[in-house]
Amino acid sequence: MTTNLFQEYALNDSITLKNKILMAPLTRCMADDELIPTQAVVDYYARRADAGLIITEATIIRPDGQGYPNTPGLYTSAQIEGWQKVTDAVHAKEGKIFAQLWHTGRVAHPHFFGGDVLAPSALAVEGSVPRMRELVYQVPKAATQDDIKQLVKDYAQAAANAVDAGFDGIEIHGANGYLIDQFLHHASNQRADNYGETPENMSRFALDVVDAIINRIGNDKTALRVSPGAYFNLEGDIKDKDVFDYLLPELEKRNLAFLHIGIFDDAMEFDYLGGSASSYVRANYNNTLVGVGSFSAETGSQAITEDKFDLLAIGRPFIANPDYVEKVKTNSDLVTYSDEMLTELI
Ligand SMILES: Cc1cc2nc3c(=O)[nH]c(=O)nc-3n(C[C@H](O)[C@H](O)[C@H](O)COP(=O)(O)O)c2cc1C
């Protein structure tokens with residue numbers, strides 16, 4: 001019933017996945033206080049090496065990208081060495097692993113780094129840091145042209161660091177209401193310069209980052225996650241569709257390793273997209289698409305059969321079942337995920 005998940009899939013000439021099940025990026029807040037992955041993190045990823053591809057938890061490109069405690073980084077040599085242990089362990093088990101590169105933008109909090117919170121516009125996100133409710137989100141500083149140039153450089157450097165750390169590639173986190181996504185939605189981008197107002201301008205930062213990374217590490221190793229349907233840290237706007245109508249064909253020209261939807265439940269429909277985020281992207285983007293969001297192996301396999309997307313990312317079930325792939329293959333019972341499982345790396 002799920003046999004199509006166990007077929008190989010070539011992302012391009014240099015990377016072939018042994019199956020179509022990806023481990024979705026899952027923030028676990030388990031790095032040490034220098035934001036270095038620990039041995040427990042190494043073991044956690046190694047246990048999941050039979051996924052076709054592991055995408056790591058979101059990993060910050062520089063200190064002011066941090067919005068949650070103990071999320072790992074990829075900007076110090078100690079962090080790079082820490083990740084090298086992870087990639088070695090995954091490769092020793094013939095797995096493949098991409099690092100997810102992250103800057104939280106206005107969802108950052110100075111508690112973690114001390115300094116300005118940078119975002120496209122001086123528009124705060126409502127609320128406070130989860131489980132640290134005293135840390136109320138602040139009104140960010142609107143990034144200057146120089147700030148933007150430096151951010152793009154820092155994304156490219158983090159991508160180069162990822163390759164140095166032995167990663168097979170990177171996924172740019174352009175989803176879920178974080179920095180890149182903040183440029184792509186009207187609720188968080190009210191700039192009047194060449195990074196705001198029009199679809200082309202609002203797409204510019206995302207494309208600058210993509211192009212800088214491709215220049216540094218190559219398109220074969222570069223992937224992107226996007227959320228055309230705003231659902232987290234952001235309000236959607238009917239005009240957002242025009243931005244993605246422009247962005248998606250531009251991305252298609254770049255021949256990325258894949259494009260990945262950022263969503264928790266793919267059944268969610270967005271009026272302004274005319275359906276689910278994945279159906280909208282599928283209709284506007286013709287290269288490899290990764291679907292995700294409350295799928296089981298069976299429903300995900302069915303979606304691939306129906307050509308809704310090419311590869312399936314699995315999140316929460318992978319937290320509960322390190323041996324998810326083997327269990328699906330042998331039709332064994334899965335452990336049900338619960339939020340209490342987040343306190344421990346199994
Ligand atoms: C605990 C937790 C942490 C997550 N961390 C990230 C993350 O770091 N980066 C990201 O892009 N998505 C993150 N997500 C979203 C997942 O990648 C995925 O899209 C979502 O869980 C839906 O897939 P699922 O139904 O298979 O769990 C996270 C989700 C959960 C539950």
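**Figure 1. Thr87 in helix H2 of the predicted model.** At a relative accessibility of 0%, Thr87 counts as buried. The model shown here and in the other views is predicted. Thr87 is part of helix H2. Leaving aside residues up to four places away in sequence, Thr87 touches Ile97, Ala165, Gly166 and Phe167.

**Figure 2. Helix H2 and what covers it.** H2 is made up of 16 residues. From its first C-alpha to its last, H2 reaches 22 Å, close to the 22 Å expected at 1.5 Å a residue. The buried residues in H2 are Gln79, Ile80, Gly82, Trp83, Val86, Thr87, Ala89 and Val90. An α-helix has 3.6 residues a turn, so residues three or four places apart point the same way. The cover over the buried residues of H2 includes helix H1 (39-46), E4, E5 and helix H3 (145-164). After H2 comes Glu94, which has a positive phi, near 60°.

**Figure 3. The aromatic pair of Tyr68 and Trp102.** The whole structure holds 17 aromatic pairs. One of them is formed by Tyr68 and Trp102 and is stacked, with 5.7 Å centre to centre and 10° between the planes. Tyr68 lies in the loop between strand E4 (53-60) and helix H2 (77-92), while Trp102 belongs to strand E5 (residues 97-102), so the pair ties together parts that are 34 residues apart in sequence. Tyr68 is buried at 10% relative accessibility, and Trp102 is buried with a relative accessible area of 1%. Ring pairs also link these two residues with Tyr178, Tyr231, Phe232 and Phe264 into a cluster.

Figure 4. Strand E9 (residues 222-226) is mostly covered, and five of its five residues are buried. Thr222, Leu224 and Val226 point one way from E9. Ala223 and Arg225 point the other way, and all of these residues are buried. Strand E8 (residues 169-174) runs parallel to E9 and is joined to it by five bridges. Within this pairing, Ile170 has Thr222 of E9 as its bridge partner. E9 also runs parallel to strand E10 (residues 259-261), with three bridges between them. Here the bridge partner of Arg225 is His260 in E10. E9, helix H6 (residues 240-253) and E10 together make a β-α-β unit that is right-handed.

**Figure 5. Strand E14 and the strands paired with it.** E14 is covered on both faces. Leu311 and Ala313 are buried on one side, and Leu312 and Ile314 are buried on the other. Strand E3 (residues 21-23) pairs with E14 in the parallel sense over three bridges, and Ile21 stands opposite Leu312 of E14. Strand E13 (residues 289-291) also runs parallel to E14, joined to it by two bridges. Val290 has Leu311 in E14 as its bridge partner. A right-handed β-α-β unit is made by E13, H8 and E14.

**Figure 6. The salt bridge of Asp310 and Arg282.** Asp310 forms a salt bridge with Arg282, and the closest N and O atoms are 2.9 Å apart. Asp310 is in the loop between helix H8 (297-305) and strand E14 (311-314), and Arg282 is in helix H7 (residues 277-284), so the pair ties together parts that are 28 residues apart in sequence. Both partners are buried: Asp310 has a relative accessible area of 15%, and Arg282 has one of 19%.

**Figure 7. Further salt bridges.** The structure has a count of 14 salt bridges. Asp237 and Lys239 form one of them, with the closest N and O atoms 3.4 Å apart. Lys239 is partly exposed, at 42% relative accessibility. Lys327 forms a salt bridge with Asp323, where the closest N and O atoms are 3.6 Å apart. Of these two, Lys327 is buried at a relative accessible area of 15%, whereas Asp323 is partly exposed at 32%. A network of salt bridges links Asp211, Glu250, Lys253 and Arg254.

How values were computed
Residues numbered from 1 in each chain as written. Predicted model: local features only at pLDDT ≥ 70, side-chain atom pairs only at ≥ 80, totals over all residues. Heavy atoms only, no water. Salt bridge = Lys/Arg side-chain N within 4 Å of Asp/Glu carboxyl O. Buried < 20%, exposed > 50% of the residue type's maximum accessible area, 1.4 Å probe, protein only. Helix = DSSP H or I, 4+ residues; strand = E, 2+ residues; numbered from the N terminus. Phe/Tyr/Trp six-rings, centres within 6.5 Å; stacked < 30°, edge-to-face > 60°. Expected span 1.5 Å × (residues − 1). Contact = heavy atoms within 4.5 Å. Pairing = 2+ DSSP bridges. Right-handed = clockwise from strand over helix to strand, strands pointing away.
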